[in-house]
Amino acid sequence: MLKILRGGQRWLTAIFVCAIGGVFVFFLGLGGPLSRHSQGTVVQVGPYEFGVVEFERMRQRYEYGLQEQMGDAYDARALSDQLDGLTVRGLVDTALLALAAKDFGLTVTKHEIEQAVLSGPSFRDSSGRFDRAQFEGWVKYEYGSQRSFMDDQH
């Protein structure tokens with residue numbers, strides 16, 4: 001009887017190792033539950049939800065800033081987890097600030113947003129005039145649409 005149990009134990013161990021290996025391959029091979037291709041909410045604070053698109057945009061900003069600061073010492077692999085954590089914290093902070101502003105009754109009008117965009121130096125051409133195409137390209141890259149940009153500004 002003991003001989004049968006010991007022989008069966010090898011098969012049981014092999015099945016257990018294969019099952020654990022399959023789980024690792026599934027999650028690591030497909031990029032994990034928060035892979036870059038998944039959809040849905042990554043962070044939610046109260047009524048504010050941030051999806052994968054917002055997460056990726058903010059992560060890129062943080063990554064660019066770290067690359068600028070660290071120069072050649074920047075190691076994307078070593079800092080990946082820290083960047084993800086920093087990004088989640090940034091999204092949470094953004095939502096908390098929006099909630100606090102709402103509690104204090106702070107609002108921004110559409111006219112104030114337009115004035116800030118029109119007077120900002122970032123969207124000027126070489127002659128100093130407002131460049132609508134440059135603004136629209138930036139909004140599309142940073143926010144996906146003008147509607148998202150306006151929602152974020154309010």
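1. The largest nonpolar core consists of 8 residues: Ile 113, Val 117, Phe 123, Phe 135, Val 139, Tyr 143, Phe 149 and Met 150. Two or more residues of this core come from each of helix H4 (110-119), H5 and helix H6 (146-153). H5 gives the largest share, 3 residues. Please keep in mind that this is a predicted model.

2. Within that part of the structure, Val 117 deserves a separate entry. When neighbours within four places in sequence are left aside, Val 117 is in contact with Phe 123, Phe 130, Phe 135 and Phe 149. Val 117, Phe 123, Phe 135 and Phe 149 are among the members of the largest core. As background, nonpolar side chains in soluble globular proteins tend to be buried together.

3. Next, the charged pairs. How many salt bridges does a search of the whole structure find? The search returns 4. In general, side chains of opposite charge can pair when their charged atoms come close.

4. Arg 59 is placed in helix H2, which spans residues 52-70. Is Arg 59 buried or exposed? Its relative accessible area is 6%, and Arg 59 is therefore classed as buried, the limit being under 20%. One of its partners is Glu 63, with the closest N and O atoms of the salt bridge 3.6 Å apart. Both residues of this pair belong to helix H2 and are separated by 4 residues, about one turn of the helix.

5. Arg 59 also forms a salt bridge with Asp 84, where the closest N and O atoms are 2.5 Å apart. This pair links distant parts of the chain, since Arg 59 sits in helix H2 and Asp 84 in helix H3 (residues 76-104), 25 residues away. The two side chains are listed as a polar contact as well, at 2.5 Å. Asp 84 has a relative accessibility of 23%, so it counts as partly exposed.

6. A further salt bridge joins the side chains of Arg 132 and Glu 136, at 2.9 Å from N to O. Both residues lie in helix H5 (residues 132-143), 4 residues apart, or about one turn of the helix. Arg 132 is exposed, with a relative accessible area of 52%, whereas Glu 136 is partly exposed at 32%. Elsewhere, salt bridges with shared partners connect Arg 59, Glu 63 and Asp 84 in one network.

7. Last, the pocket. The largest one has a volume of about 730 Å³. Its lining is made up of 23 residues, and those nearest its centre are Phe 50, Thr 94, Ser 148, Asp 151 and Asp 152. Which elements each supply at least two residues of the lining? They are strand S2 (48-51), H2, H3, H5 and H6.

Methods. Residues are numbered from 1 along each chain as its sequence is written. This is a predicted model: local features need pLDDT of at least 70, side-chain atom pairs count only at pLDDT 80 or more; totals for chains, interfaces and linings use all residues. Side-chain values use heavy atoms; hydrogens and water are left out. Buried means under 20% relative accessible area, exposed over 50%, partly exposed in between (1.4 Å probe, protein chains only). A polar contact is a pair of N or O atoms within 3.5 Å; within protein, one must be able to donate a hydrogen and the other to accept it, and residues adjacent in sequence count only if both atoms are side-chain atoms. A nonpolar core is a set of buried Ala, Val, Leu, Ile, Met, Phe, Trp, Tyr and Cys residues joined through side-chain atoms within 4.5 Å. Contact means heavy atoms within 4.5 Å. On a 1 Å grid over the protein atoms alone, a cavity is a set of points where a 1.4 Å probe fits but cannot get out, and a pocket is an open set with protein on both sides within 12 Å along at least five of seven lines; lining residues have an atom within 4 Å of a point. Grid points are joined across faces, edges and corners, and a volume is the space filled by probe spheres set on the points.
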